[in-house]
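Me: I am new to this structure and would like to know how the labels attached to its residues are reached. Please set each value against its cut-off.

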Amino acid sequence: DRAGLVDFAELLLRAHELLRNNRIVREHYQNRFRHILVDEFQDNNFGQYELIRLLGQNGNVMVVGDDNQLVMRFQGARQANFAEFKKQFANVQEYHLTENFRSTKEIIGFANLFLENIDDRIDKENKTSRTGEKVQIVRPDKEDGQTEFIINTIRSLLGKEYVNKDGEKDKYGYGDFAILSRKRSDGRRFVNALKAYDVPST
């Protein structure tokens, strides 16, 4: 607590202590927020879950989350939040939205192989009606191998025909490709590599 400044974790802690220890404040906000919706519930840590529990004691709480995404364990996210929510809130109704409208059967089937190994995961199976190409696994043998493979793949596909989402024939252009990375440092590596290979990017 230097010069009155606190970080995000400290904000959560102080809010939790205030609601837990001060009945008047707690009841004020419970009455003010009659309905609570929590999105991306799988990313909530213990402190965030406790705020939901304290504020939502009237029971009008809806959470939307996907425990499959806990394979990444974002900033202290807890698998136990799902089970505790069903225990601590009465008459919980649970709905599984397992239809995937983005990915193909090949990708979904491959992902399910990993998801089945998550401890205490809610039993469900993702599905889709879309079909596509086989999943390709690439294991580069050197640090720059990943960027080289992706850039070479982009360049090899440029100008080739494909059938777009409207069922019409089209040709690949640079705007049809996107590179996603988890770490900012990986993103910078790709940006530098794209410049080196004279591949336009934004």
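Me: Why is Asp198 called exposed?

Reply: This is a predicted model, and in it Asp198 has a relative accessibility of 65%. Exposed means over 50%, so Asp198 counts as exposed. Asp198 is placed in the segment after H7.

Me: What makes the phi of Asp198 worth a remark?

Reply: The phi of Asp198 is near 60°, which is positive, and the residue is not glycine. Most residues other than glycine have a negative phi. Asn91 is another such case, with a positive phi near 55°.

Me: Where is Asn91, and is Asn91 buried or exposed?

Reply: Asn91 is in the loop between H4 and H5. Its relative accessible area is 73%, and the cut-off for exposed is over 50%, so Asn91 is exposed.

Me: Why is Asn126 called buried?

Reply: Asn126 has 19% relative accessibility. Buried means under 20%, so Asn126 counts as buried. Asn126 is found in the loop between helix H5 (105–115) and helix H6 (145–157).

Me: Which residues does Asn126 touch, leaving out those up to four places away in sequence?

Reply: Asn126 touches Asn68, Thr98, Ile108, Asn112 and Leu115. Contact means heavy atoms within 4.5 Å.

Me: What labels do Glu50 and Arg53 get for accessibility?

Reply: Glu50 has a relative accessible area of 8%, and buried means under 20%, so Glu50 is buried. Arg53 has 25% relative accessibility. That value falls between the cut-offs of 20% and 50%, so Arg53 is partly exposed.

Me: What makes H3 largely enclosed by the rest of the structure?

Reply: H3 is largely enclosed because 7 of its 10 residues are buried. They are Gln48, Tyr49, Glu50, Leu51, Ile52, Leu54 and Leu55. The buried residues of H3 pack against H1, helix H2 (23–32), strand S1 (36–38), strand S2 (61–63) and helix H4 (80–88). Tyr49 also belongs to an aromatic cluster with Phe41, Phe82, Phe85 and Phe89.

Me: How do you know that Arg189 and Asp186 form a salt bridge?

Reply: The N to O distance between the side chains of Arg189 and Asp186 is 3.1 Å. The limit is 4 Å, so Arg189 and Asp186 form a salt bridge. They are 3 residues apart in helix H7 (residues 184–196), separated by about one helical turn. In the whole structure, 8 salt bridges are found.

Me: Why do Arg189 and Asp186 get separate accessibility labels?

Reply: Arg189 has a relative accessible area of 21% and Asp186 has 18%. Buried means under 20%, so Asp186 is buried, while Arg189 is partly exposed.

Me: How do you know that Arg189 lies over the face of Phe190?

Reply: Arg189 is at 5.7 Å from the ring centre of Phe190. The distance limit is 6 Å, and the charge must also be within 35 degrees of the ring normal. Arg189 is listed as lying over the face of Phe190, so both conditions hold for this pair.

Me: Why is Lys165 called exposed?

Reply: Lys165 has 83% relative accessibility, and exposed means over 50%, so Lys165 counts as exposed. Lys165 lies in the loop between strand S3 (161–163) and strand S4 (169–171).

Conventions
Residues are numbered from 1 along each chain as its sequence is written. This is a predicted model: local features need pLDDT of at least 70, side-chain atom pairs count only at pLDDT 80 or more; totals for chains, interfaces and linings use all residues. Side-chain values use heavy atoms; hydrogens and water are left out. Helices (H or I, at least four residues) and strands (E, at least two) are DSSP runs, numbered from the N terminus. Buried means under 20% relative accessible area, exposed over 50%, partly exposed in between (1.4 Å probe, protein chains only). Rings of Phe, Tyr and Trp (its six-membered ring) pair if their centres lie within 6.5 Å; planes under 30 degrees apart count as stacked, over 60 as edge-to-face and the rest as tilted.
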